[in-house]
Amino acid sequence: MSVGYDDTPMIPGQPWKVHDGQRPAPRIVTPGASCGAAPSDAVVLFDGTDLSQWEHLDGGEPKWKVENGYMEVLPQSGNLRTKEHFGDCQLHLEFACPSVIVGESQGRGNSGVFLLGRYEIQVLDGYDNLTYADGLTAAIYGQWPPLVNACRPPGEWQTYDLIWESPRWDGGNVLCKPAYVTLLHNGVVVHNRKELLSHTGHRDLYDYEYHPPTGPLMLQDHNNDTRFRNLWYRPLKDYDEA
Ligand code: MG
């Protein structure tokens, strides 16, 4: 309720007074029953049962294995992407790298989470695994290493909780806002609203190229049988936006 005093100051940059009773109440969201469980307004991309919301990059049926509540990369079957396109969001997912260590460096449990199909957050078995820093688990691939290595041992389930802001261009095709990502790996902050330099790539850097602010979420087939489960997102909205 409003405090009701006419001399209550306006909040700078906002159309509201301090304690303004006219300001819309934030909508109610029921949190998930446990940490990582989808809250009431989440869009569930994979609930452990089927890949109905996913497709192969050629638009065909995804070939990855689904069992025991997870999906598992079928090596050399190709990347998967969501049929749905979305942009600014809060994203949760869980992954597990193979419990039996095969290979080294970038060959261990490698996969990737590509926002808008272009911007890779690395998935790797980075536990006691020497590799280049900007290719470690949770790295913004080829650009920024994670602030710390928060990996669990191979075979254990790990979490990414990510806040994504898509880049924006003005009408003249000039970049007016780069992409930003905040990421918690197993509950540990590893990127704090970090600016991306461009889309990501292997041994290369790029300039930003115009694209819509929405796109599919893509998961990488990097020839390792990495597993994913419990993928959901919430569109990121602004204050006072229902
Ligand atoms: Mg990768």
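**Close-up views of a predicted model**

**View 1. The largest nonpolar core of this predicted model comprises 37 residues.** Within this core, the residues with the most contacts are Trp54, Met71, Leu91, Val113, Trp164, Phe228 and Leu231. At least two core residues come from each of strands S1 (43-46), S6 (89-96), S7 (111-115), S8 (119-123), S9 (158-165), S12 (180-185) and S15 (227-235). S6 contributes the largest share, 4 residues. In soluble globular proteins, nonpolar side chains tend to be buried together.

**View 2. Surroundings of Leu91.** Beyond its neighbours within four places in sequence, Leu91 is in contact with Leu45, Val113, Leu115, Tyr160, Asp161, Leu162, Leu217, Trp232 and Tyr233.

**View 3. Strand S12 and its pairing with S9.** Of the 6 residues of S12, 5 are buried, so this strand is largely enclosed by the rest of the structure. S9 and S12 run antiparallel and are joined over 6 bridges. Asp161 has Leu184 of S12 as its bridge partner.

**View 4. The hairpin of S12 and S13.** S12 also pairs with strand S13 (residues 188-195), in the antiparallel sense and over 5 bridges. The bridge partner of His185 is Val188 in S13. The hairpin has 2 residues between the strands, and Asn186 takes a positive phi near 55°.

**View 5. The largest pocket, with about 460 Å³ of space.** This pocket is lined by 17 residues, of which Lys237, Asp238, Tyr239, Asp240 and Glu241 are the closest to its centre. By class, the lining consists of 8 nonpolar, 1 polar and 8 charged residues.

How values were computed:
Residues numbered from 1 in each chain as written. Predicted model: local features only at pLDDT ≥ 70, side-chain atom pairs only at ≥ 80, totals over all residues. Heavy atoms only, no water. 1 Å grid on protein atoms, 1.4 Å probe; cavity = no way out; pocket = protein on both sides within 12 Å on 5 of 7 lines; lining within 4 Å. Points joined across faces, edges and corners; volume = space filled by probe spheres on them. Nonpolar A, V, L, I, M, F, W, Y, C, P; charged D, E, K, R; others polar. Core = buried A, V, L, I, M, F, W, Y, C linked by side-chain atoms within 4.5 Å. Buried < 20%, exposed > 50% of the residue type's maximum accessible area, 1.4 Å probe, protein only. Contact = heavy atoms within 4.5 Å. Pairing = 2+ DSSP bridges.
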